[in-house]
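Please look over the sequence and the model shown below before reading on.

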Amino acid sequence: MTPFKLKIITPEKTFFDGETQQLIARTTAGNVGILAGHTPYAANLTASPLKVMQEDGSFRVAAVSAGMVKVRANECVVVASAIEWADEIDIERAKRSKEDAERRLKAQASQKEFERAEHKLKRALNRLTVSGGM
Amino acid sequence: MATANMKDVKRRIKSVESTRQITKAMELVASSKLRRAKERALAAQPFFAAVYDTMADVSRDHVFSSIYTKKEVLKTVLMVVIAGDRGLAGGFNSNILKLALEKANEHKANGYKVKLMTIGKKAVEYFKKRDFEVLDEYPGIAESLNVYDSLDIAENVIARFRLGEFDRVELVYTTFVSALTQEPVFLPVLPVKEMISGSGEKKSLMIYDPSPEEVFNGLIPQYISGILYAAIVDSFASEQAARRTAMESASDNADEMIANLSLMYNRARQGQITQELTEIASGSLRDE
């Protein structure tokens, strides 16, 4: 398969800058697979695993919290507020934030608090699923 | 008499010297923190540019409406004020808080309600003392700021905005101009007034999935947290720069004081020796 340029950017650093043959991401509208020569495209990502194909054809998986995927002129940019490779996830930290989120959900606070806790729980669960720490 | 005075002067020299050691150490710490903060501020640039470009593309290519761009009916303003966690940074904290207070009073004079969110201990203390409605406070996050912190604040702001707790969001923080100048600035954040700039392409063939509005609205948390992240890092860099300058001049002052005191000490010592000599000389003269 033809490789294409992929860049993954977070506020802290450029997380990945290189080439891949295929990228699988989960957008708010469903899963998308991106290959070389994709039409210009933009969509939001949900808290989900992001799969990047490596040279040997296997996928390297990362947990992305929220962000956007954008394709333009055969270059793909993933903008994520937070992203971690599966093997680099701090499982203890993810578990702690999951417990914290669950506690807040149980507290039956206002609608706003509830939504925030829900988001947090989703992110934590995603990190745990991707890292296999569940 | 001279001996007692000399002792005093010596003690003062010692105390100034130890103060100088502290200010010198603070200066060094601040300059290394400044370097790291500058690196972080630089690293955040591409992220923010990418989010901003996409939002600008959407707003240029499509006619759409979003609650984040709606015409405002101004009743309540949320001001997010970013100041330092610690003092001893020259005019850093007082400059930014003065600007924030000025703006807040201006809004009040125009008949708007003012609500606040404060980042940094100094900002929290300042506005609590002055009877402002502080919705949330985030002390002590600037130094080891991570994305989750800024995302959390952004989500808090957005959720309240959607519930109509306020219809305008403004940010007050200090921007780093150079190592010697830091400027307090004021930045309207929501509603997103006009999206200009972008990358200059004409009508793009971009497909927005599921729709331009949703992509735009979905980017808002990223956009706000990007702005907050950049502003907090910027403010932290400014704080360190201000502290470095303040501590540098404190060290210089200490040096000057030490020089003056040493001069005084040496004069007193010389005076004592001269006096002793005169006493001996006059004593021996009498003997003759």
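## Strands of chain A

In chain A, S3(A) and strand S6 (residues 48–53) run antiparallel and are joined by two bridges, where strands (E, at least two residues) and helices (H or I, at least four) are DSSP runs numbered from the N terminus, and two strands pair if DSSP finds at least two bridges between them. This is a predicted model, in which local features need pLDDT of at least 70 and side-chain atom pairs count only at pLDDT 80 or more, while totals for chains, interfaces and linings use all residues. Residues are numbered from 1 along each chain as its sequence is written, and chains are lettered from A and ligands numbered from 1 in the order in which they are written.

S3(A), residues 23–27, also pairs with strand S4 (residues 30–34) of chain A, in the antiparallel sense and over five bridges, and a hairpin of two residues joins S3(A) to S4(A).

| Strands | Sense | Bridges | A residue and its partner |
|---|---|---|---|
| S3(A) and S4(A) | antiparallel | five | Thr27(A) and Gly30(A) |
| S5(A) and S6(B) | parallel | three | Ala42(A) and Tyr208(B) |

## Contact between the chains

The contact takes 27 residues from chain A and 31 residues from chain B, two residues being in contact if their C-beta atoms, placed from the backbone, lie within 7 Å. On the chain B side, H6(B) gives the largest share, nine residues.

## Nonpolar core

The largest nonpolar core has 98 residues, and Val81(B), Ile82(B), Ile232(B) and Val233(B) have the most contacts inside it; such a core is a set of buried Ala, Val, Leu, Ile, Met, Phe, Trp, Tyr and Cys residues joined through C-beta atoms within 7 Å. Helix H6 (residues 212–287) of chain B gives the most to this core, with 19 residues.

## Confidence

The model scores ipTM 0.75 and pTM 0.77. Chain B has a mean pLDDT of 83, with 91% of its residues at 70 or more, pLDDT being the predictor's confidence in each residue, from 0 to 100.

Terms used
Buried ≥ 20, exposed ≤ 12 C-beta atoms within 10 Å, placed from the backbone.
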